[in-house]
Amino acid sequence: MRLTTKGRYAVTAMLDLALHTNSGPVSLSDISQRQGISLSYLEQLFAKLRKQSLVTSVRGPGGGYQLSRPNQEIFVAQIVDAVNESVDATGCKGRSDCQSGATCLTHHLWCDLSDQIHDFLSQISLEQLVLRQDVRIVADRQNHEQHKNSKESLKDKIDASIIN
């Protein structure tokens with residue numbers, strides 16, 4: 001069973017965006033800092049998410065990204081599909097060449113499992129994830145760590161300017 005890093009990171013970044021959507025546009029650097037995903041990778045993912053109309057960008061000071069629709073109208077499967085990922089349980093990546101170029105005995109079983117997983121992810125909205133207590137606990141911890149790191153960074157900059 002495989003959902004690649006691209007799909008996982010896209011869902012993680014979109015959930016982070018959904019969690020912080022009430023405070024206006026969210027910068028990719030903030031998502032990068034909270035989630036430990038490189039900024040350049042997020043830029044690639046968000047280009048695909050924007051192309052599929054899942055997010056909109058806001059330019060200028062205080063700019064960033066916003067969800068293009070309410071949380072309850074964006075589903076995990078849409079996010080995974082937007083970044084050109086598929087949830088694939090087959091060993092042949094769906095090509096039906098599992099056994100020396102031909103379909104193996106269990107190919108259709110694994111295809112059915114892939115379909116079931118996609119259907120499952122199609123029923124989970126960002127809103128449902130945002131409302132989960134376990135998600136809220138992790139988000140609160142990440143926000144606290146980000147705030148603490150920002151304060152330390154500001155203190156270091158002030159100390160450096162005093163020394164110079």
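Helix α2 is followed by Gly-36, whose phi is positive, near 70 degrees. The model is predicted. Its chain has a mean pLDDT of 89, and 91% of the residues reach 70 or more.

**Confidence by element**
- Helix α6 (residues 126-130) has the highest mean pLDDT among the elements of the chain, at 98.
- Helix α7 has the lowest, at 78.

**Helix α2 and Gln-146**
- Helix α2 spans residues 28-35.
- Its buried residues are Leu-28, Ile-31, Ser-32 and Arg-34.
- Gln-146 sits in α7, which covers residues 133-163.
- Gln-146 counts as buried because its relative accessibility is 11%, under the 20% cut-off.
- The side chains of Gln-146 and Arg-34 are joined by a polar contact of 2.8 Å.
- Beyond its neighbours within four places in sequence, Gln-146 is in contact with Asp-30, Gln-33 and Arg-34.

**Phe-46 in helix α3**
- Phe-46 belongs to helix α3 (residues 39-51).
- Its relative accessibility is 0%, so Phe-46 counts as buried.
- Setting aside neighbours within four places in sequence, Phe-46 is in contact with Ala-13, Leu-17, Leu-28, Ile-31, Val-55 and Tyr-65.
- Two of these partners, Leu-28 and Ile-31, are in contact with Phe-46 and are themselves buried residues of α2.
- Phe-46 and Ser-57 are eleven residues apart in sequence. Their C-alpha atoms are 9.2 Å apart in space.

**The β1-β2 hairpin**
- Strands β1 (residues 55-58) and β2 (residues 64-67) run antiparallel and are joined by four bridges.
- Thr-56 stands opposite Gln-66 in β2.
- Five residues lie between the two strands of the hairpin.
- Gly-60, in the turn, has a positive phi of about 95 degrees.
- Val-55 and Tyr-65 are among the contacts of Phe-46.

**The largest pocket**
- The largest pocket has a volume of about 380 Å³.
- It is lined by 21 residues, and those closest to its centre are Val-11, Thr-12, Leu-15, Leu-129 and Val-135.
- The elements that give two or more residues to the lining are α1 (5-19), α5 (107-122), α6 and α7.
- Helix α1 gives the most to this lining, with seven residues.
- The lining elements include α6 and α7, which have the highest and the lowest mean pLDDT among the elements of the chain.

Methods
Residues numbered from 1 in each chain as written. Predicted model: local features only at pLDDT ≥ 70, side-chain atom pairs only at ≥ 80, totals over all residues. Heavy atoms only, no water. Buried < 20%, exposed > 50% of the residue type's maximum accessible area, 1.4 Å probe, protein only. Polar contact = N/O pair within 3.5 Å; in protein donor to acceptor, adjacent residues only side chain to side chain. Contact = heavy atoms within 4.5 Å. Pairing = 2+ DSSP bridges. pLDDT = per-residue confidence, 0-100. 1 Å grid on protein atoms, 1.4 Å probe; cavity = no way out; pocket = protein on both sides within 12 Å on 5 of 7 lines; lining within 4 Å. Points joined across faces, edges and corners; volume = space filled by probe spheres on them.
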